[in-house]
Amino acid sequence: MPGPMSTYGQGGRVMLPHGVYGPQGDTLLLREALERETVGAGTTVLDVGTGSGFLALAAARRGARVTAVDRTRRSVLATRLNAALAGLRIEAVRGDLLAPAVGRRFHLILSNPPYMPAPDAALPERGPARAWDAGHDGRLIIDRLCDGAADLLRPGGALLLVHSALCGVPATLERLERAGLPAEVTDRRRVPFGPVLTSRRQWLLDRGLIAPGADEEELAIIRAERVG
């Protein structure tokens, strides 16, 4: 699986075969949140939508037992390759979001899911847009994560989720609360529009998702904890 090697500090090196989502601003923001968590030997971590395995590797380097899930075969193979290159053990499996981990419990769930509002109401079935498009409101994946995460967390376990304010941070907080996971925003960061948002500027404007002249989006880290 040849591909470019990308480096992101503190030994965070990943091979990026063609078609695999690589670490970007949202991934790096989520890694900062991960670094604040108590993670070590005996910690069980689930990385949902692992892409290249970048976050899974970050958790495994701290001694965690990591399961990484992605719905694309390329991403699963890339994660396995990157784990092997780093000399780390990661269980990388292909599947639909939380489904491969049903019946198990984790101390920590990480996810950088597809969250981009898109002109197409359905999730893309193929192509690179699978890594970012999530329906008209960007919530087709986020809502499922919010509804299912509690069943996979140990008491006191936490979910760390990153997404854009374009798809509604208050809606995520409310949905997690209803699912029994009190949540809060721990980090916010504004980043310039990338190529996808730039290409959709007029569509986003027509839907009232951005203001005229906007050229940045706000990313948010949401931390939810199972209290009982």
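1. Two residues of helix α5, P170 and R178, are exposed and lie on the other side of the helix from its buried residues, which are V169, T172 and L176. The model under discussion is a predicted one. The helix itself spans residues 169-178.

2. Which elements cover the buried residues of α5? The cover includes one helix, α4 (142-148), together with the strands β7 (153-164), β8 (183-192) and β9 (216-225). After α5 comes G180, and the phi of G180 is positive, near 90°.

3. Helix α1 (residues 25-35) and helix α2 (residues 54-61) form a pair whose axes come within 10 Å and cross at roughly 20°. Because of this angle, α1 counts as roughly parallel to α2. The crossing in which α1 passes α2 is right-handed. In general terms, two packed helices are described by the angle between their axes and the distance between the axes.

4. Which residues meet where α1 and α2 are in contact? From α1 they are T27, L28, L30, R31 and L34; from α2 they are F54, L55, A58 and A59. Sorted by class, this contact of α1 with α2 comprises 7 nonpolar, 1 polar and 1 charged residues.

5. Helix α2 is mostly covered, with 7 of its 8 residues buried. These buried residues are F54, L55, A56, L57, A58, A59 and A60. Just after α2, G63 adopts a positive phi of about 100°.

6. In helix α1, the buried residues are D26, T27, L29, L30, R31, A33 and L34. The cover over the buried residues of α1 includes α2, and also β6, β7, β8 and β9. G25, another residue of helix α1, counts as partly exposed because its relative accessibility is 35%. G25 and S164 are separated by 139 residues in sequence, and their C-alpha atoms are 11 Å apart in space.

7. Is T43 buried or exposed? T43 belongs to the loop between α1 and β3 (44-48). Its relative accessibility is 10%, and T43 therefore counts as buried. Leaving aside residues up to four places away in sequence, T43 touches T38, A64, R65 and H107.

8. L97 has a relative accessible area of 14%, so it is buried.

9. P192 is part of strand β8 and counts as exposed, because its relative accessibility is 59%. With residues up to four places away in sequence not counted, P192 touches D215 and E216. From P192 to D215 the C-alpha to C-alpha distance is 5.9 Å, although the two are 23 residues apart in sequence.

10. R207 is placed in the loop between α7 (201-206) and β9. At a relative accessibility of 43%, R207 counts as partly exposed. A separation of 70 residues in sequence lies between R207 and D137, while their C-alpha atoms are 9.7 Å apart in space.

Technical notes: Residues numbered from 1 in each chain as written. Predicted model: local features only at pLDDT ≥ 70, side-chain atom pairs only at ≥ 80, totals over all residues. Heavy atoms only, no water. Buried < 20%, exposed > 50% of the residue type's maximum accessible area, 1.4 Å probe, protein only. Helix = DSSP H or I, 4+ residues; strand = E, 2+ residues; numbered from the N terminus. Contact = heavy atoms within 4.5 Å. Axes fitted to C-alpha atoms, helices over the stretch in contact; angles between N-to-C directions. Parallel < 35°, antiparallel > 145°, perpendicular 65-115°, else oblique. Left-handed = near helix turned anticlockwise from the far one by under 90°. Nonpolar A, V, L, I, M, F, W, Y, C, P; charged D, E, K, R; others polar.
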